[in-house]
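Please open the model in your viewer and keep the sequence panel beside it. We will go from one selection to the next, and at each stop you will hear what is there.

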Amino acid sequence: MIDLREVCKSFGATRAVDGVSLRIEPGRITALIGASGSGKSTLLRLINRLVECDSGQILLDGQDIRAGPPEALRRRIGYVIQSIGLFPHWTVARNIATVPVLLGWPAAQVAARVDELLTLLGLDPASYRDRYPHQLSGGQQQRVGVARALAARPTLLLMDEPFGALDPLTRQTLQQELARIQQALGSTIVLVTHDIDEALRLGQRLVLLDHGRIVQAGTPADLLARPVSAQVGDFLGRATLGARLLGQRNVAEILRRGEAADGEALRPDQTLQEALAAFLTRRVERLPVVDAQAAPLGAIRFIDLLRDPP
Amino acid sequence: MTTTAPLRAMAGRATAWARDPLPWAIAGLLLLAAGLPRLEPAFAALFPSLDRPMYRQDTFLALLGAHVALVAASSAVALALGFAAGLFVTHPAGAEFRALVETAVAIGQTVPPVAVLAVAAPLIGFGEWPALIALALYGLLPILRGTIAGIESVPPAVLDAATGLGLSRWQRRWQVELPLALPVLLAGVRTSVMINIGTAAIASTVGARTLGSPIIIGLSGFNTAYVLQGALVLAALAVVVDLGFERLSRRLQRWRTTP
């Protein structure tokens with residue numbers, strides 16, 4: 001758990017982070033969102049001491065992060081950046097092994113961990129282990145970047161716009177992979193992004209920053225349904241707010257079991273945003289729902305989209 | 001089929017070796033330096049007016065060895081000083097000295113080597129020492145520039161990642177920054193050494209024994225054959241060293257060029 005208390009950081013006359021107090025819960029993805037210059041990246045870099053705070057205190061698992069040398073702290077925390085920053089003169093395996101080697105793990109253990117991580121990130125160890133970064137696509141490079149961050153089993157992962165430089169399709173695939181990995185490992189992730197859709201897709205908790213201050217923090221549904229100001233509403237995309245809100249809920253919520261309908265079926269884990277799109281494109285008021293084995297479960301009705309969530 | 005495969009691999013390795021220009025160039029250089037006196041009849045025919053058409057004060061092999069030793073020693077000094085100065089001025093503690101160091105070394109470079117030799121000789125005396133000092137000073141600038149440019153060519157994101165992952169300042173410098181700076185740094189060393197191979201020939205004016213000796217003696221004694229003989233071996237040496245650097249630079253950048 002990370003506990004930020006009245007943290008301030010100025011660069012010259014600019015107050016990048018201005019008295020931020022925040023508790024980041026373990027085992028969840030917290031997304032720091034905000035426009036450029038809102039201080040979200042600085043806030044992230046304060047946590048692994050790439051930037052030292054002017055005043056205030058940051059506790060990691062109850063311990064002040066300034067208690068020891070910064071290197072020791074950083075080796076406990078995974079770090080992923082937008083420009084990836086793989087070491088171009090090292091192979092994929094050596095890149096992933098960076099922190100384990102710094103920590104002095106035995107070679108056999110390092111090699112086993114590298115293969116384990118490559119597999120976890122969907123890269124075949126035998127064919128990718130010995131490649132150099134320039135031989136990989138952007139998406140593959142960032143997979144290696146994430147593997148490198150996870151190598152020494154950190155409980156906390158800091159990600160600064162990790163998928164910002166990737167094409168939309170690759171970005172979406174990697175977002176899904178990250179969600180899957182986070183669930184499997186139960187890691188705490190602090191994610192900086194200016195992409196509100198990414199924040200809504202991945203974040204279990206959103207923290208909206210502006211001019212170095214927290215404007216609103218809460219679950220995605222909280223922020224979408226009850227923005228504290230017009231400005232927050234604007235940032236979340238007022239025009240598409242409704243659709244985004246539906247994106248936070250899934251088909252199972254409004255499923256009417258036993259009812260029948262015709263047409264192409266939805267699955268219960270699809271979002272209501274997808275259901276809305278299906279209603280509109282097929283111009284129907286009912287859609288069938290089937291399970292993963294294609295057995296019918298029931299149907300959903302267009303009118304139920306208008307009801308408040310239970 | 002199974003018996004011919006290893007044979008073909010061996011043949012392949014042999015032809016690859018035979019197509020490699022570096023060993024051939026080295027062999028050519030040594031052969032030229034050792035065999036040049038045997039070409040005396042040819043030089044006699046080319047320059048019929050000369051009494052002694054072949055330089056015989058020293059063997060060309062000895063001159064070649066002395067030349068290489070002088071260039072190697074002066075380049076080693078230049079490398080040590082230039083690299084250390086480059087490291088220092090790219091470190092936060094030395095950043096304020098950077099402009100000063102660069103200017104001082106650049107001024108050193110604008111003074112012609114002959115002038116440095118002319119000043120050094122009366123101060124230190126004739127022989128190898130003034131030559132060594134002048135060449136070392138002269139080779140400093142390309143190495144300093146290469147070190148600074150190399151370190152600056154390292155992408156900031158790579159350094160940010162290195163720091164963020166927990167490399168110490170020292171580990172970052174030696175494991176990430178310098179290996180990535182090496183190709184540009186090596187280009188600086190190559191320039192420095194190539195300049196010094198040429199400049200070392202002039203050092204024979206202050207009494208250093210180099211491949212420049214036949215050239216200088218030939219020029220002052222109107223013996224064109226001596227000039228030609230010294231120049232031939234000197235040119236061959238330059239080709240060999242440049243090929244060597246080419247090879248080294250490719251080997252150091254394998255991570256960049258692997259298809």
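Start in chain A with an open sheet of 4 strands, whose order is 2-1-4-5 and whose pairing is antiparallel. Strands here are DSSP runs of E with at least two residues, helices are runs of H or I with at least four residues, and both are numbered from the N terminus. Two strands pair if DSSP finds at least two bridges between them. Select strand 2 (14-24) and strand 5 (63-64) of chain A: these are the edge strands, and each pairs on one side only.

A word about what you are viewing: this is a predicted model, in which local features need pLDDT of at least 70 and side-chain atom pairs count only at pLDDT 80 or more, while totals for chains, interfaces and linings use all residues. Residues are numbered from 1 along each chain as its sequence is written, and chains are lettered from A and ligands numbered from 1 in the order in which they are written.

Next, select strand 4 (residues 55-60) of chain A, which runs antiparallel to strand 5 of chain A and is joined to it by 2 bridges. Click on A:Leu59 and you will find its bridge partner, A:Asp64, in strand 5 of chain A.

Move on to strand 7 (156-160) of chain A. Are its residues buried or exposed? In strand 7 of chain A, 5 of its 5 residues are buried. Buried means that 20 or more other C-beta atoms lie within 10 Å of a residue's own, exposed means 12 or fewer, and partly exposed is in between, with C-beta atoms placed from the backbone. Show the side chains: A:Leu156, A:Leu158 and A:Asp160 point one way, and A:Leu157 and A:Met159 the other way.

Strand 6 of chain A runs parallel to strand 7 of chain A, with 5 bridges joining them, and A:Ile81 stands opposite A:Asp160. Strand 8 (residues 188-193) of chain A also pairs with strand 7 of chain A in the parallel sense, over 5 bridges; there A:Asp160 stands opposite A:Val192. With helix 8 (residues 168-185) of chain A, strands 7 and 8 of chain A make a right-handed β-α-β unit. Right-handed means that, with the strands pointing away from the viewer, the path from the first strand over the helix to the second runs clockwise.

For a contrast, select A:Arg153 in the loop between helix 7 (138-150) and strand 7 of chain A. A:Arg153 is exposed, because it has 12 other C-beta atoms within 10 Å. The C-alpha atoms of A:Arg153 and A:Leu185 are separated by 9.1 Å, although these residues are 32 residues apart along the chain.

Finally, show chain B, which has 12 helices and 0 strands. Its C-alpha atoms fill a box of roughly 75 × 70 × 20 Å along the principal axes. Buried residues make up 35% of the 259 residues in chain B, and in chain A 40% of the 310 residues count as buried.
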